[in-house]
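Hello,

Please find the structure below. My notes follow it.

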Amino acid sequence: MYGSSPTTQKIENYDYYVKAEQQRLQAKLDNKNDELSKQERADIIQAQRALEKQIQKQHLQVDVPKKVTKIIDEDKQELANFEQTWVDLLAEYADIVTQMECSFESKTGQALKDWMVNYRSNQIVQNENLIYDCQDSIKLDN
């Protein structure tokens, strides 16, 4: 069901124990010859519920770390893709600046280039710093 690591074998053994215990308790409840008081019935039902909670807890202790690791791996890939897109965007912006400078006469081209470089410094770099700050603040270690 979960693989064959020592932890999963431990859980499978625990599952077997819990199912056997639940069957024993259910048989006790179903036994018509055994007259149980209301308190004894309530205790058996409470024990069954406690066993069910324990088995759910055991399964969560295995499933949650696996799912967290999967989410972290997906996010690492998404972050790498975003970083590459950002690098490509900046390279394309630099190409556009160069093309715009060449497209206009010397003073206009130079003024346009200066404005675009200034814009990059003031706007894009701020966003870039924000991206790096966000990236640094996210802990993606396993």
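**Helix pairing**

Helices α2 and α3 are roughly antiparallel to each other, because their axes cross at roughly 170°. This is a predicted model. Helix α2 covers residues 38-103, and helix α3 covers residues 106-137. Their axes come within 9 Å. Sorted by class, the contact between α2 and α3 holds 15 nonpolar, four polar and five charged residues.

**Confidence**

The protein chain has a mean pLDDT of 80. Of its residues, 90% reach 70 or more. Within the chain, confidence is highest in α2, at a mean of 86. Confidence is lowest in helix α1, residues 6-30, where the mean is 77. Keep that in mind when reading the notes on α1.

**Cores**

Which residues make up the largest nonpolar core? There are seven: W86, L90, Y93, V97, M116, I124 and I131. Both α2 and α3 supply at least two residues of this core. The largest share comes from α2, with four residues. In soluble globular proteins, nonpolar side chains tend to be buried together.

L90 belongs to the largest core. Which residues does L90 touch, leaving aside neighbours within four places in sequence? The contacts are R120, I124 and E128. Of these, I124 is also a member of the largest core.

Q48 sits in helix α2. Is Q48 buried or exposed? Its relative accessible area is 16%, so Q48 counts as buried. Leaving aside neighbours within four places in sequence, Q48 is in contact with Q22, L25, Q26 and L29.

What separates E52 from V18? In sequence, the two are 34 residues apart. In space, they are 7.9 Å apart, C-alpha to C-alpha.

R24 is placed in helix α1. With 42% relative accessibility, R24 is partly exposed. R24 and Q54 are 30 residues apart along the chain. Their C-alpha atoms are separated by 17 Å.

K107 lies in helix α3. Its relative accessibility is 73%, so K107 counts as exposed. K107 and Q77 are also 30 residues apart along the chain. Here the C-alpha atoms are separated by 44 Å.

**To recap**

α2 and α3 run roughly antiparallel, and their axes come within 9 Å. The largest nonpolar core has seven residues, and α2 gives the most to it. Confidence is highest in α2 and lowest in α1.

Best regards

Notes:
Residues are numbered from 1 along each chain as its sequence is written. Side-chain values use heavy atoms; hydrogens and water are left out. Axes are lines fitted to C-alpha atoms, for helices over the stretch in contact, and angles run from 0 to 180 degrees between N-to-C directions. Angles under 35 degrees count as roughly parallel, over 145 as roughly antiparallel, 65 to 115 as roughly perpendicular and the rest as oblique. Ala, Val, Leu, Ile, Met, Phe, Trp, Tyr, Cys and Pro count as nonpolar, Asp, Glu, Lys and Arg as charged, and the others, Gly among them, as polar. A nonpolar core is a set of buried Ala, Val, Leu, Ile, Met, Phe, Trp, Tyr and Cys residues joined through side-chain atoms within 4.5 Å. Buried means under 20% relative accessible area, exposed over 50%, partly exposed in between (1.4 Å probe, protein chains only). Contact means heavy atoms within 4.5 Å. pLDDT is the predictor's confidence in each residue, from 0 to 100.
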